[in-house]
Structure formats: structure tokens, C-alpha cells
Amino acid sequence: MSALTLTNIQKSFGGNQILKGVSLDAQPGEFIALVGPSGCGKSTLLRILAGLETADSGDIVIEGREVSQVQAADRNIAMVFQSYALYPHLTAAQNIAVPLVMRRLTRTQRIPFVVPLMPGHRKAVADIHRDVREMAASLKIDQLLDRKPGQMSGGQRQRVALARAMVRRPAVFLMDEPLSNLDANLRVHARGEIVELHRRAGVPTVYVTHDQAEALSMADRVAVMIGGSLLQLAPPQVIYDDPQHIEVAKFVGQPRINLIASQVEENGIIALGAERCVLADRSLPADSQVTLGIRPEFVQVSRSGEAGLPAHVDRIEFLGSEIIVYCRLDGIGETMIAKVTPAEGAGLASGAPVRLSASAEHIFVFGADGTRLASAPLAENAIREAVHG
Amino acid sequence: MSPNGFNFGRVVRLSILSLGAVVFLAPYIFMISTAGKAQSDIFTSSLNLIPQHWFYVENFTKAWSRVHMPTLLFNGVIVCLMILVIQVVIAIPCAYAMAKLKFRAAKAMMVLVMLGLLVPIHATALPLYVGFDRIGALNSYAALVAPFSISVFGIFLFLQFFRAMPDDLIHAARLDGMSEIGVIARVIVPNAWPAITAFSIFSVVAHWNDLYWPLIVVSNQAYATPPLGLLYFRAAEAGDDYGALMAATLIITSPLVGAFLIAQKRFVEGITMTGLKG
């Protein structure tokens, strides 16, 4: 049974369709990253899931219970907000205790000073104090418990917000860009921590981010949303190595994928320089427009030889372990980005003439509507490669 | 230019401010002075700020004994407190709903609030009077309090304040398991003290000093508020005994003046309405 299932969620704001029928599921204990450029509807989807917005149509099932009509308070969901949304008038300890106080104490028990002597009440309060302290200890924020949010740094607030969300066991854990207000160093550190906390708690998590690196590095599965549609939901490596849509390929990967417009030749054959690949579906008519995608790390730059597309080096970025080479293709004028090792890139200078090539197995073919077309390297090519070497 | 140095601009600024302060304070100062003068002293042709014979004790005794001052002050406190509490209890949920909840009538209600701001009490006084008369509720606390129980000004003030509160705070509260009433009691009110303080000042000052409405609905001295009591005192007892009258006025204004002096900083904070900080 899935821990969480969203089916065909639609939402419009004033005639503007924000979510165009999104379906998503999460297994128990799974960490799903919902990633996409800003304005793609990922935060709206999260809010609908939390019950803070209502969908125009679609079903939400959490642990086998249909919750579309259930109030946010009764969905048993915890959320970390981008702004952290800590209660400014409460200390860290009180902030963390709020969800427990609201859920474990009865209405009369919550009235201050009225029933401190009621049997059971003291024990409940003591339990809450203990759980808050344990949670704080596991996040290393014990020393902050008496401070108010105004007296904390961004990173400290983020931890308190995490603690408040994790202190009870929710059915689903939602995070709305919790790291985007932290500085770069802290962000990388916090990534690892959140993954670790998730593993310990084992609660299914939906994590919204616009940072593809964050999504790839943290999630069990990544859901890429563009323009209100969920284009692909797959493990990070599949998203990267086997994108099913041109927008997914463009969004994921840094530096971004190279895209070259091309045409289908006879029999579904597509040529890029000397390389040829063939489409699985040979019915596509000749001269159909397609787009070829090649990841920068699969672009080979050679300074001599006849093979490959002629180009000139535009700009070189040295990043230590690798070199990013921006080249301009002669004739077409398109920019191609290549990621090479420092050894391969040694001696390259801007303005130098080079030849660019990529082996056919690393070429993605996308149709005119952006969907991926199944393709394979052409067999002759493989034979020739074997002969040459 | 040192901040404490006496340069020309600073001298000019301070002189203008001091002059303004003297003008505004003059009547009150003169009242304090008159409260200490004997009858003969008041009606001399010369204008003295310092009384020639100190008559404070006599005048205050007269003021205290001739009107039932404790009743007046008690009525004032009760009426102001009841008005304030009911106003706040009604206005905060109203303003919260209009600021943060989405419902269809929100715009229409906003228009009604604006309209309400435009209608003065004087316009509705007569129908209200007739109404209270019909149900036999004249000369009661209810008649003094009820017309002011819903303050559109209060709703408007809180509305502006709540709009500036982050939505995420309320979302977080809902996810933490709070009902809408819980959100108001546990999140909105604790963070709205600046607005509540500001509103309390406006409300208490207005209703403590109000003469118009008590004059209409109260004819029994037992329910007289301080300004009304003063009026009775002047009409019935004092006649031209201005010394005692000024002493009575001093007594009646002293609670507000005292409250202001004690909580001066809070008052200013409340009126400038500092926003929420993260």
C-alpha cells in the first residue's frame, strides 16, 4: 500500500491552470523530491496535499484514507515552511511543544493554570517536556531551547522548525524549500542532515525545491514538474541518464544539456557528424524535426583530426577537478558545452579551432512535442568503431 | 555637528516644540492652578498662576464630598472596561476572518466596514435612544455599553495589522492541529499586542471622556460616567464655585493622565504600531 497517493490533481487560479492533472505516489518511508523551476506549481501541490488549499478536482489518499475533504489539522501532516513560520512569541522549546500540546492534551488540559493538579495532566506535560528535550538533543539545539526565534540565526531557526515538524510522528512529512534561506555551506551540510533524519524517522517525505542538485542528491525518487505537469517521476540516476522529456533533460544537470536541432533522414536515421543513431519507431517521416540532447560530459573535444563537428572555443571555465569548455559550432552558430578533465582540456584557449564529437549511445532524441523518442546507435557505427579502435 | 551641540537649527526646533507644548498644556496648567484658589482669588482682575492662598485641600474636600466621586470613577471604569473587552472580543475574530480566510462575502463586508466608519454616533443616536426607551433599558450599563460593542474602527485597525502577518504562520498553526479559534487565541492575539494596545488607548480615551451618549441615555446619577457627573456637579452644586469644579475635573482626568505617564513608552509603541519581527 502506498503511504501517499495523489491522483489527477487539478487547480486553477482565476482561469490560469496551475496544476494540470498531477498524479504522484510515495511508498512508506520514501523520500520524494518535487523539483521544478519557480512558478511550476510545486508549492501549490504541496499546499493542496497539506490541506492549506483545496484542489479543483482529484483525490488525495494518505495511508489508505481519502483526505480531500479533511481539514489540515486532521490530516496528520507535518510541514517545514520556507520561512520556517516559527511562532515569534514562543521560545524554541514552546514552539517544538505546540504540536504535542495540541494533540496530546484535551481542551481543558490546555487552559493554563486551571488544572495543573488534574491526575494524568502532570504526566502528559512531563512527557511533552521529555519529548521536546529528546528532539532538541537529536538536532543539537538544546542550548537554544529558551530563546525566541528573533534571537536565533537562520540556520538555528531552520533546525527548530525541523524539530517542531518531527517531534510527533506524522503520516507524511512535507518540506517547502527549507534550505533556500541558508548560505551555501550550511545548505550542503543541512542536506545530509535532513536525509539522515529522514532515514531515522522513516516517515514518507515530500520535499519541494527548485534546486536540481538538492533533489538529485537527497531523494529516493525525483518528481520533475514543469508548467503544472509532472513530467517524470523516477530515481535520480534515471532522471539524469534517461530523461523522458526535453524539459526534464534541460532542467536536470549542471552545466545544462546541449541541444541541437536536427532532422530525421530515411528509415528513422539521425546523423550528428559521423555518428548515427536510429529511432525505434521508423514510421517517423523523413525531414521531421527532432532535437538532439547530449550531456556536456559526453562531448569529446579534439584539437586535431577530421571526425566531429568543427567548432571554435568560446570560453573556458576552470573548476579544479574539471574544465567546462564553451564552444561555438561553425556554420550553425550554436553553443555546445563540454565538460572535460584538466588533462583533456590542457592547452585549449579561446578562439582555438576544435572538433566536437559524441558517441551515438549518449545522444537523446526528442520529438517536436518534447517527448523522448526511443533510439539506438546504428549498428554499422559500432562495427566501424571496433575496427578503428 | 555633534548630536548634543547647541546649533541654531536645534534651538529653533526646540523653541517651536516648547511653544507648542506650552500652548497645549496651558488650559490644564491653569486648571491645576484654579483648583487651588479660593473663590475670591479666582475672581480678581489680575491673572495669577500661583494661588495667593493655598485652597487645594478645601476645594478637593468640597469636590469629593458634594458629588459621589467613587461612584463616578467606578462607573467610568466599568463602562470603559466593558466596552473595551466586548469590542476586542468581537473585532479580533472579525478582522481575522476578513484578513486571512477566503469567503465570498469578504468584499461586501469590507465595504460595510468602510461605510460603518463613515457613520458617526450622532446620526444613529435618536433611533438608538428610542429603541432603548422602548425596551426600558435607559439608565443602565447596557445602554451605555451596547451601542459601542462593535467597533468598525477596531475591525479596520486589526484588519490592517493582521494582513501584515505572514500566512505561513497561520498555516503552520493549522498543521500543528489548531482550530480557527485556537489560531486566534494562540497565534494571532499573542502577536497582536501592539495593535491591541493602540486600540485600547483610542477606545478608553474616547469613552472615558465621552459626554454625548451618557447625556442622552442616563438621567439617574447612579449610572453617571465621570464627564456626566461633572455636568451635574456644575449644574446642581457648584454654580460658580470654579475652584471645586476644577478640583473635580482634576480628579476625573487623573486616571488617564496617570496611565499615560506610567505606560508612556507602550503608548507610543502602540500608536506607531511596530510590525512583527521574524
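Guide: Two strands pair if DSSP finds at least two bridges between them. Strands (E, at least two residues) and helices (H or I, at least four) are DSSP runs, numbered from the N terminus. This is a predicted model, where local features need pLDDT of at least 70, side-chain atom pairs count only at pLDDT 80 or more, and totals for chains, interfaces and linings use all residues. Residues are numbered from 1 along each chain as its sequence is written, and chains are lettered from A and ligands numbered from 1 in the order in which they are written.

Visitor: What makes strands S16 and S17 of chain A a pair?

Guide: The rule asks for at least two bridges. S16 (residues 309-318) and S17 (residues 323-329) of chain A are joined by 7. So they pair. They run antiparallel. A:Ile316, for instance, has A:Val325 in S17(A) as its bridge partner.

Visitor: Why is the sheet that holds S16 and S17 called open?

Guide: Its 5 strands follow the order S15-S19-S16-S17-S18 in chain A, with antiparallel pairing. Strands S15 (300-302) and S18 (335-340) of chain A stand at the edges. Each has a single partner strand, so one side of each lacks a neighbour in the sheet. From one strand to the next the twist averages 45°. That angle is taken between N-to-C directions, on a scale from 0 to 180 degrees, with axes fitted to C-alpha atoms.

Visitor: Why is H4(A) called largely enclosed?

Guide: A residue is buried if 20 or more other C-beta atoms, placed from the backbone, lie within 10 Å of its own; 12 or fewer makes it exposed, and in between it is partly exposed. In H4(A), 10 of the 13 residues are buried, so the rest of the structure largely encloses this helix. Among them are A:Arg157, A:Val160, A:Leu162 and A:Met166. The buried residues pack against S6 (77-80), H2 (92-104), H3 (121-138), S7 (172-176) and H5 (184-201) of chain A.

Visitor: Why is A:Glu63 called partly exposed?

Guide: A:Glu63 has 15 C-beta neighbours inside 10 Å, so it counts as partly exposed. Its phi is positive, about 45°, although it is not a glycine. A:Glu63 sits in the loop between S4 (57-62) and S5 (65-66) of chain A.

Visitor: What makes A:Asn76 partly exposed?

Guide: A:Asn76 has 18 other C-beta atoms within 10 Å, so it is partly exposed. Phi of A:Asn76 is near 60°, a positive value in a residue other than glycine. Its loop lies between S5 and S6 of chain A.

Visitor: Where is the cis peptide bond in chain A?

Guide: A:Gln254 and A:Pro255 are joined by it, with omega about -5°. A:Pro255 lies in the loop between H8 (246-251) and S11 (258-263) of chain A.

Visitor: What makes up the contact between the two chains?

Guide: Residues are in contact if their C-beta atoms, placed from the backbone, lie within 7 Å. Chain B gives 17 residues and chain A gives 19. H9 (167-175) and H10 (180-191) of chain B each supply at least two residues of chain B's side. H9(B) gives the most, with 6.

Visitor: How many residues of chain A count as buried?

Guide: Of its 389 residues, 38% are buried. Chain A has 10 helices and 22 strands. Its C-alpha atoms fill a box of roughly 90 × 45 × 40 Å, taken along the principal axes.
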